[in-house]
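Subject: Structure for you to look at

Dear colleague,

I am handing over the structure below, with notes on what was found in it.

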Amino acid sequence: MLNLLIILNDKEWTKIELEFNSNQLPQNMISAILKYKHWSDIQARVLGKLLLKKQLYDFNTCLDLSAVKINSLNKPYVDDNFNFSISHSGQLVACLAGTEGVLGIDIEFMKPQQNQYPIEFFTNEECVYLANSEQQTNAFYKLFTRKEALAKACGEGILMNFSEHSVLNDDVILNGVCYYLSTFVFLNQYMISYVTSNTAQLLKTELVTINLLTDNL
């Protein structure tokens, strides 16, 4: 079972709104988030944690944000019975959650690409695919988000050697584990890819809205 929650981050909060929403998070999370300077970076991280809070509630975990821990690979987790991944780009914030297998998600606002993609990021096969694609922007962001989501799912993050692992197919074996990859375009401007070690598909994609100072995700 996988659920994906997405929320808009398109308006700067007032000081009161920021304080109200931040106070729904544990103090250690607030302290880390407030180190960022730009309002959109701060709000994106607050919203990501609020989406996670809602996922914990929707999955009936009886857990709250204080249960979030960091493993040796600097990957946040709760426990083996609940997995999540958060991503943000442009004006969107997304949180994917599930109860089976590890998972990862990446969302990117699609800017036009004109043969400027980093070749060292892709396998030779992927470079050929990009060069021959009639929709190069979509092709680039499909591969890019898949690699980012895979790096999150396996826990390696930026340490993963991206050029060694092709994501052209919808499944890839990494360190003996089979990961399943899915990609779709959202609101015509965003590419979203998610990766899971379980064959579960998304049961729900929900665009969440909140009324600041009244709703509590």
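Helix α3, which covers residues 39-58, has 20 residues and reaches 28 Å from its first C-alpha to its last, close to the 28 Å expected at 1.5 Å a residue. That expected span is 1.5 Å times one less than the number of residues in the helix, and helices (H or I, at least four residues) and strands (E, at least two) are DSSP runs, numbered from the N terminus. Please bear in mind that this is a predicted model, in which local features need pLDDT of at least 70 and side-chain atom pairs count only at pLDDT 80 or more, while totals for chains, interfaces and linings use all residues. Residues are numbered from 1 along each chain as its sequence is written, and side-chain values use heavy atoms, with hydrogens and water left out.

Among the buried residues of α3 are I42, V46, L50 and K54; here buried means under 20% relative accessible area, exposed means over 50%, and partly exposed lies in between (1.4 Å probe, protein chains only). K54 counts as buried because its relative accessibility is 18%, and K54 forms a salt bridge with D58, with 3.4 Å between the closest N and O atoms. A salt bridge is taken to be a side-chain nitrogen of Lys or Arg within 4 Å of a carboxyl oxygen of Asp or Glu. Both K54 and D58 lie in helix α3, four residues apart, which is about one turn of the helix, and D58 counts as partly exposed because its relative accessibility is 27%.

R146 forms a salt bridge with D170, the closest N and O atoms being 2.8 Å apart. This pair links distant parts of the chain, with R146 in helix α5 and D170 in the loop between α5 and β7 (171-174), 24 residues apart. R146 is buried, with a relative accessible area of 3%, whereas D170 counts as partly exposed at 45%.

N60, which follows α3, has a positive phi near 55° although N60 is a residue other than glycine. N60 lies in the loop between α3 and β2 (69-70) and counts as exposed at 65% relative accessibility. N188 has a positive phi of about 65° and is not a glycine either; N188 is placed in the loop between β8 (177-186) and β9, and is exposed, with a relative accessible area of 72%.

T196 is in strand β9 (residues 190-196) and is buried, with a relative accessible area of 2%. The side chain of T196 reaches the backbone oxygen of V102 at 3.4 Å. Leaving aside neighbours within four places in sequence, T196 is in contact (heavy atoms within 4.5 Å) with residues including L2, E100, V102 and Y180.

N198 is found in the loop between β9 and β10 and counts as partly exposed at 21% relative accessibility. Not counting residues up to four places away in sequence, N198 touches E100, G101 and Y180. The side chains of N198 and E100 are joined by a polar contact of 3.1 Å, meaning a pair of N or O atoms within 3.5 Å, of which, within protein, one must be able to donate a hydrogen and the other to accept it, while residues adjacent in sequence count only if both atoms are side-chain atoms.

With kind regards
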